[in-house]
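Take a look at the structure below.

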Amino acid sequence: MSESAVNSGRLEATATHGVTPALHHQFEDIEQQREAGNFGMWIFLATEMLFFGAIFTAYIMYRVMYYPGFEAGSRGLEASFGATMTFVLLASSFTMAMSVHAAHAGKRRMLLGFLFATMLLGIIFLGLKFTEYTHKWHEQLVPGLNFHPAAESLRGAPEHAVELFMCFYFFMTGLHALHMIIGIGLLGVMAILAWQGKISPENYNRVEAAGLYWHFVDIIWIYLFPLLYLVGGRY
Amino acid sequence: MSGKTPSVRTYSLVFIALLLLAALTTGIAYVNLGRFNTVAALAIAAVKMCLVALFFMHLWYSPGLTKIVVLAGFFWLALMVSFILADVFTRSWISPPGPFR
Amino acid sequence: MSTAVAEVPVESRIHYLNASYGIKSWLFTTDHKRIALLYLGSITLMFFIGGAAAVLMRLHLIEPAGALVQPETYNKLFTMHGVVMVFFFLIPSIPATLGNFLVPMMIGARDLAFPRLNLLSWYVYITGATFTLYALISGGVDTGWTFYTPLSSHYVNTHVIATALGVFITGFSSILTGLNFIVTIHKMRAPGMTWKRMPLFLWSMYATSIIFVLGTPVIAVTLFLLGLERLFHVGIFDPAIGGDPVLFQHLFWFYSHPAVYIMILPGMGVVSELITCFSRKKPFGYIFIAYSSLAIAMISFFVWGHHMFVSSQSVYAGFIFSALSFAVAIPSAIKVFNWTATLYKGSISYQAPMLYALGFIGLFTMGGLTGLFLASLATDVHLHDTYFVIAHFHYIMVGGAVMAYLGGIHFWWPKITGRLYHDGWARVAAVVIFFGFNLTFFPQYMLGYLGMPRRYAVYPAEFQVLNVMSSAGASILGIGYLIPFIYLLWSIRYGPVAGPNPWGAKGLEWETPSPPPTDNFEESPVVPDEPYGYAKPEHAHV
């Protein structure tokens, strides 16, 4: 009795899974799979909130303790550079949102176009960041490797506090850039999948998940910009 | 959920709003508002974050469970920040007891 | 139905162990049950490595001037013991083995939500373990498992970066496991399996996963920053540029205190399952036990400063952390009361898993109560960094978590392997472990109270008697741990074949053959109306 029940159960399962090949075997239907994937990515983003959050916490603490040094260090950063990078990233968020929209609508060409646009904007951002790092190297403001600030760079603040600020500048933007690189890689994978026709309106949640990651990294920058580049104003 | 997502028009409007806010936060930095500079910068950043999260990340259209996850993340972050700052700010209020006489 | 399945000999039935053969079928598996066994092998290895360090330490401490190793080596021993036991054994233990195996089965699913991510978790764990073992072989680390700065960032010459990197990487293994469990429990429960029909083990795995997900990233980034500071000789914890070493401690303990609840909550979940099965009673106050797991997970994040009372942390912050630390004991106490009430008028039998569970209740209670001594500011000033602390956490971690782990391994062994182990030897081992454990760690309470500091390679001569007692206990404890290793492995080949439910327990995992088929259930599981539907004690059968 159990054997026949077992057999019919197995046949049923194969039939359901045969119809939608994109359905993984542990899920009952594609909607459950989509929900699980989406939920999982949001939980991962919550972990990232705590990951970046620990450095933000440290930043807040030291900013309160050493405000003049942070202000001096911040004025040493070019606000125009920071603003340009912000615009680039916001644009990349827009193109990312459009990519997800295209995936949901099943428009393959549009999806590929917007994915490439997002990746390109990400690469531009990284290029700007690299340029900025090079500038800081030339100005001798890299803690641990090359920190010999000229007196004007200090703007009257204690040298150690400016060095501490620069530590935060490099750690926070460096960690952010690392996440950007991973994000660009992720989008590259999405582009390959889209090229192979594996993204469809029924099966687009991977692009959606990549989009969530990308937007999150953008939100980190939305906070990094004022906290690093605009401390104390520019008047 | 698989149903409602924002239209292209919504995305575009949000994008324009984000650009304007970014310009605003940059512009405000050149105006002397004293301590209010920081408040303004953080407030604008918060609005931008909400726009990206609610519309680009579809949080507005997401199930309640997702919203709880986001709130939990914020709550835990706030916890970490507030308790650590509470330590740093109150260290000078009372010194540890001295040696017994 | 179940008898028909039980009559089919295990050799001719296809199940998850014989569904495919060869090393590739194991290293590339996505079956949560096989992944659980991969973890089981790995963490057992790490347990013996951490245990070896402990054996060397206890042998060294037989004499006041130290009997075995140089002080620098002793520092490396206690550091490696801590790092390996905490990060590579205790934190993954129950979640990665029993959790991975049972979570999908207990909710009636075919697998976890993300099986490939599950396999990735194991590889990440192995990568982290490799870095740490490399550090161990290259000469070890001597900063203590807490890596306090500036000692770890500026002053020692040992392999801090490799060890910190190993822990950092393994942290992601935990995060991914926790993420997998949360999504699985929310989204993949079988029809009819409401939250309040879930076994208590699942509630505790869910609570543990919340801590995994929210706490581990903080230590990950903290160790990352420590590594950068060591590499570039400057960083945010460096006093030379105004950095605050106490900030490191805050960020470290923000995770590491909830981590101790990661280590105990799964054990509490196992104990809930064992107590109910071997008393043949449904748990007293099911909803209280369930919610107390969530309460512990939440409140555990509010109390980390109790590790820092003497660190120059603000005294006012100390007041708050102390009060909250008393609060976190309450949900744990609720569990102990409820387990005891479950035992009352139950039909109790004393198989090995039950012996472990009973031992847990007693030893965990002792460990927990001594935690209150440490939560009180005034007493902690004297007891901090003494053997009292060591005894306290070993009562909970070893007397609690490890005993629960062993109890769980024994309880679900027939399900996992399809074989029964020899319960007589298992009971002997449980008693030897209990006795050896108490002889090892009770004298340490007294040593701490008398003032012997921890992490010292030498001690005043008047403490020798208690140290020798502790070392004698440690050797008995070591033998106690070896015995199950022998008979459990023996049972895989020569033990009697187990049916689907040798204990007569309630739960969906017992409704399927032992060992289970790859997809866990041959027929869709039927979720009972209430969990733990044990018959009244008079009608119970074993």
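This is a predicted model: local features need pLDDT of at least 70, side-chain atom pairs count only at pLDDT 80 or more; totals for chains, interfaces and linings use all residues.

Residues are numbered from 1 along each chain as its sequence is written, while chains are lettered from A and ligands numbered from 1 in the order in which they are written.

Start with chain B. It has 3 helices and 0 strands, where helices (H or I, at least four residues) and strands (E, at least two) are DSSP runs numbered from the N terminus. Along the sequence the pattern reads α-α-α. The radius of gyration of chain B is 21 Å, well over the 13 Å that the globule rule gives for 101 residues, so chain B is more spread out than a compact globule. That radius is taken over C-alpha atoms, and the rule is 2.2 Å times the number of residues to the power 0.38. The C-alpha atoms of chain B fill a box of roughly 75 × 40 × 10 Å along the principal axes. Of its 101 residues, 30% are buried. A residue is buried if 20 or more other C-beta atoms lie within 10 Å of its own, exposed if 12 or fewer, and partly exposed in between, with C-beta atoms placed from the backbone.

Now take helix H1 of chain B. It covers residues 8–28, 21 residues in total. From first C-alpha to last it reaches 30 Å, close to the 30 Å expected at 1.5 Å a residue; the expected span is 1.5 Å times one less than the number of residues. Its buried residues are B:Tyr11, B:Val14, B:Phe15, B:Leu18, B:Ala22, B:Thr25 and B:Thr26. Seen down the axis, they fall within an arc of 110°, so they line one face of H1(B). The arc is that of the directions from the helix axis to the C-beta atoms. The face turned away carries the exposed residues B:Arg9, B:Ile16, B:Leu20 and B:Gly27. What covers the buried residues includes helices H4 (79–105) and H8 (205–229) of chain A, together with helix H2 (36–56) of chain B.

Finish in chain C. C:Tyr74 sits in helix H4 (residues 71–90) of that chain. It is buried, with 21 other C-beta atoms within 10 Å. Beyond its neighbours within four places in sequence, C:Tyr74 is in contact (C-beta atoms, placed from the backbone, within 7 Å) with C:Met57, C:His60, C:Gly66, C:Val69 and C:Ala457.

Note on methods: Two residues are in contact if their C-beta atoms, placed from the backbone, lie within 7 Å.
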